[in-house]
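I opened my notebook to look up a few things in this structure.

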Amino acid sequence: MIEARADIVANVWKIVVREGDPVGAGDPVAVLETMKMEIPVIAPSGGYVSRILVNEGQIVQEGDVVAEIDAATIG
Amino acid sequence: MTQTDLHQLDATAHRAALTQRRRDAAVRVEPRGRRQYTARERVDMFVDAGSFVEITPLRTADGRGTGVLTGWGMVEGRPVVVIAHDAAVASGAIGAVFANAVTKAQRLAIDRGFPIVYVNDSGGARVPDGIFALHGCGEVFALNVAAQRRVPQISVILGPCAGAAAYSPALTDWTIMVKGHGHMFLTGPDIVKAATGEDASADDIGGSRLHTEKSGVAHLEAEDEESALAAARQILSFLPSHVGAAPAITEPEPADPTAVSQLPFVVPERASVVFDMHRVLDGVLDAGPRLELMPGHARSVLTVLGRLEGRPVGIVANQPDARGGILDSLASVKAARFVEFCGRFGLPVLTFVDVPGFLPGTVEEGRGVITHGAKLLKAYIEAPTPVLTVVVRKAYGGAYIAMGAKSLGADFQWAWSNAEIAVMGPGGAVTLLNRRELAAADDPIALRDELAATYREEVARPYLAAEAGIVDDVILPEETRGRLSDALEMLTAGTAR
């Protein structure tokens, strides 16, 4: 299980994937909004999004898990 | 046969025995455990081929090697003092004689003005030597600090470095760790378990990932010993041999032509969209080798060694691609340390600004962001070398000042034509300035956006700062390299070449 984490305290502006979606390493799973900046939350490696743990509009802290990615399900 | 017994031999036998003894001392014992190379092989790998000369090769402690190899060799033709722990002797533990050998080499480097490279692989203080070992460690630290004002010092961590062996690297300029083998900690996992009950692996408490990403104790992570030693050579390639010596100037190289042609389009139209600041550096600096220090730690600010028209420079830049390019406690300390380093070793500091501000909130205030941010202010204020600052996009509030502003002593500060310089971002500013108007509005959000757009154009654009003389000029992205190199040529005229 791979975790895509927020690296800064922020508001969850947009979630850009759905559970079950494939993502590649470096793809954004969500976009945070903090300090008037749009900060992507990146999938550290490729796989399928198995769980999204936040809602749009929610505040996340540095280190919070935004989405879990299952690498095992990719070929 | 003891040293004195050699004198009983006739001249020919004596000569042969001495040669053999030197050879034995050089080869030492086979590498132990997972180690691939002996101390001597490591040193030979680091210096120009065949150039290493050992100091006191016959010296012993308790009838065996001192546990440390000291000497000098050439790096790209310039002498460098090398101090390499010999893990084959008592796990490289630092005894009284070991420490004395180290301080002798440090003293040579300080007195004669040569960089020092420490090849570290040591279990810490040598217990049988008791307080004599501790005293020796303290003497090494004292000379680490004395050397800071005089010569570059680089530590390469190729094995465990516990306790006293971890503090010496922390007093040097740059520390490089080998992934998987290099460890730095106060005490190893067993003692941690005994002392506090915490279960932690050597990687957990002192691995290269911990120290190059989270703690910032080490500054570069290398895949293997060869690349760690190559990185040490690369750092030295940007530096003078000692404070005040001639800069390591090479043939000028133009910036990468593709990156130059892209430069006007690198910064996204919308101020909230991130981009990779490396693309700006690509379009401005010489295309030749560049070295990013602390790439994994406090990634919202970049600290890079590079060249402009062949002259080595230090680059500090916000990295919008990482955490929006904000300043926080760790980023401030990282940048402050780098600016201070550049100042000591004659490197001009080029600063590229796109900063939304200092990250506010309970976490950062609790970390002491005020104290850490102040270190960055102080580093710029005290920098003795040329400081040239380019505002690429946003520069707001205290972070505007902290990123090498004119008021801190920057020789020149320019802003790109689309830059925004203001006491705070347009959204926040109009919320504060137009509180009553907004409260009375039918659609406060629409009004706020409208006011913010006007504020951005009328207040934040760099022409106001340029008209006030706070920004020296408003420039186009493609003019940046020319402005920087003209200024550097002027500011460094008459200094050592």
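My entries follow, chain by chain.

**Entry 1: the model.** I noted at the outset that this is a predicted model.

**Entry 2: chain A.** I looked up the helices and strands of chain A. I found 0 helices and 8 strands. Reading along the sequence, I wrote down β-β-β-β-β-β-β-β. I then checked how chain A fills space. Its C-alpha atoms occupy a box of roughly 40 × 20 × 20 Å along the principal axes. Last, I took the contacts in chain A with a separation of 6 or more. Residues 24 or more positions apart account for 57% of them.

**Entry 3: two domains in chain B.** The domain assignment of chain B lists domain 1 (31-237) and domain 2 (257-419 + 461-491). The C-alpha centres of these two domains of chain B lie 33 Å apart. I then looked up their contact. In chain B, 11 residues of domain 1 are in contact with 11 residues of domain 2. Which elements supply the domain 1 side? In chain B, α8 (208-215), β10 (220-222) and α9 (225-237) each supply at least two residues. That side of domain 1 of chain B has 4 nonpolar, 4 polar and 3 charged residues.

**Entry 4: the core.** The largest nonpolar core has 163 residues. Which residues have the most contacts inside this core? I wrote down Val82(B), Val156(B), Ile176(B) and Ala232(B). Helix α12 (residues 329-344) of chain B gives the core its largest share, 9 residues. Domain 1 and domain 2 of chain B each contribute at least three residues to this core.

**Entry 5: one residue up close.** I picked Ile176(B) and left aside its neighbours within four places in sequence. Among its contacts are Val156(B) and Ala232(B), which I had already listed for the core. Ile176(B) is also in contact with Ile157(B), Ala218(B), His219(B), Leu220(B), Ala222(B), Ala228(B) and Ala231(B).

Terms used:
Residues numbered from 1 in each chain as written. Chains lettered and ligands numbered in written order. Predicted model: local features only at pLDDT ≥ 70, side-chain atom pairs only at ≥ 80, totals over all residues. Core = buried A, V, L, I, M, F, W, Y, C linked by C-beta atoms within 7 Å. Buried ≥ 20, exposed ≤ 12 C-beta atoms within 10 Å, placed from the backbone. Helix = DSSP H or I, 4+ residues; strand = E, 2+ residues; numbered from the N terminus. Domains from an automatic or database assignment. Contact = placed C-beta atoms within 7 Å. Nonpolar A, V, L, I, M, F, W, Y, C, P; charged D, E, K, R; others polar.
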